[in-house]
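This report describes the fold of a single protein chain for a reader who is new to protein structure. Please keep the sequence and the model in view while reading.

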Amino acid sequence: SKRISAFRGRKVDITKNNISAPAGENGSEWVIVTRNKDCRVELAFRDKNSAKIFFQKMKRYKEDIEKEFGEKLYWDFKEERKNQYIKTIDQSYEEISGKLEEVINYLVARMTKFISVVGIYLDKVK
């Protein structure tokens, strides 16, 4: 486990396709996702008992969150699914560069901005 400042200094879990860190209570996680030539950052609600509730509480602030973030987000809710997500809509890798360092810097900057805005609202609904 490593601590990364972009995740509010929390310990992170690094897997093949993502880097995640706890976002707080109820199984929520901040996640950087890299898959199939695309990338994004997201807030994932993973607790089977509260994911839908916390997603809906956050969605009440959708307009404020998107205004403060400066762009639209993808509010990924599926009733039958355990996990629910708030995701950025990001560029493909090909658009940012073939250099790993540029991709990493891009994603860290995105996560820092995402947490600075969405984290305020997550703290409100806990």
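The sections below move from the whole chain to its sheet, its core and several individual residues.

## Basis of the report

The model is predicted, so to speak of local features a pLDDT of at least 70 is needed, side-chain atom pairs count only at pLDDT 80 or more, and totals for chains, interfaces and linings use all residues. Residues are numbered from 1 along each chain as its sequence is written, and side-chain values use heavy atoms, with hydrogens and water left out.

## The chain as a whole

The protein chain contains four helices and seven strands. Helices (H or I, at least four residues) and strands (E, at least two) are DSSP runs, numbered from the N terminus. Along the sequence, their order is β-β-β-β-β-α-α-β-β-α-α.

The chain has 126 residues, and 42% of them count as buried. Here buried means under 20% relative accessible area, exposed means over 50%, and partly exposed lies in between (1.4 Å probe, protein chains only). The accessible surface is about 7300 Å², and carbon and sulfur atoms account for 48% of this surface. Such areas come from the Shrake-Rupley method with a 1.4 Å probe; for residues, only the protein chains shown count as cover. A contact means heavy atoms within 4.5 Å. Among the contacts with a separation of 6 or more, 49% are between residues 24 or more positions apart.

## Paired strands

Two strands pair if DSSP finds at least two bridges between them. Strand 3 (residues 18-22) and strand 4 (residues 28-35) run antiparallel and are joined by five bridges.

Serine 28 has phenylalanine 45 of strand 5 as its bridge partner, and tryptophan 30 has leucine 43 of strand 5. Strand 5 pairs in turn with strand 7 in the antiparallel sense, over four bridges. In that pairing, leucine 43 stands opposite isoleucine 86 of strand 7. Strand 5 is mostly covered, with seven of its eight residues buried.

Which residues of helix 1 are buried? In this helix (residues 51-59), they are Ala51, Phe54, Phe55 and Met58. Seen down the helix axis, the buried residues fall within an arc of 105 degrees, so they line one face of helix 1. The arc is that of the directions from the helix axis to the C-beta atoms. An α-helix has 3.6 residues a turn, so residues three or four places apart point the same way. The cover over the buried residues of helix 1 includes strand 5, helix 2 (62-69), strand 6, strand 7 and helix 4 (100-125).

A nonpolar core is a set of buried Ala, Val, Leu, Ile, Met, Phe, Trp, Tyr and Cys residues joined through side-chain atoms within 4.5 Å. The largest such core has 30 residues, and those with the most contacts inside it are Trp30, Leu43, Phe45, Met58, Ile86 and Phe114. Strand 4, strand 5, helix 1, helix 2 and helix 4 each supply at least two residues of this core. Helix 4 gives the largest share, eleven residues. Methionine 58, leaving aside its neighbours within four places in sequence, is in contact with residues including Leu43, Phe45, Trp75, Ile86 and Val118.

Valine 33 is in strand 4 and is buried, with a relative accessible area of 2%. Not counting residues up to four places away in sequence, valine 33 touches Asn17, Asn18, Asp38, Cys39, Arg40 and Glu42.

Glutamine 84 lies in strand 7 and counts as buried at 0% relative accessibility. A polar atom of the glutamine 84 side chain lies 2.7 Å from the backbone oxygen of arginine 81. Asparagine 83 is found in the loop between strand 6 (74-76) and strand 7 (84-87), and is buried with a relative accessible area of 16%. The side chain of asparagine 83 makes a polar contact with that of tyrosine 85 (3.4 Å). A polar contact is a pair of N or O atoms within 3.5 Å; within protein, one must be able to donate a hydrogen and the other to accept it, and residues adjacent in sequence count only if both atoms are side-chain atoms.
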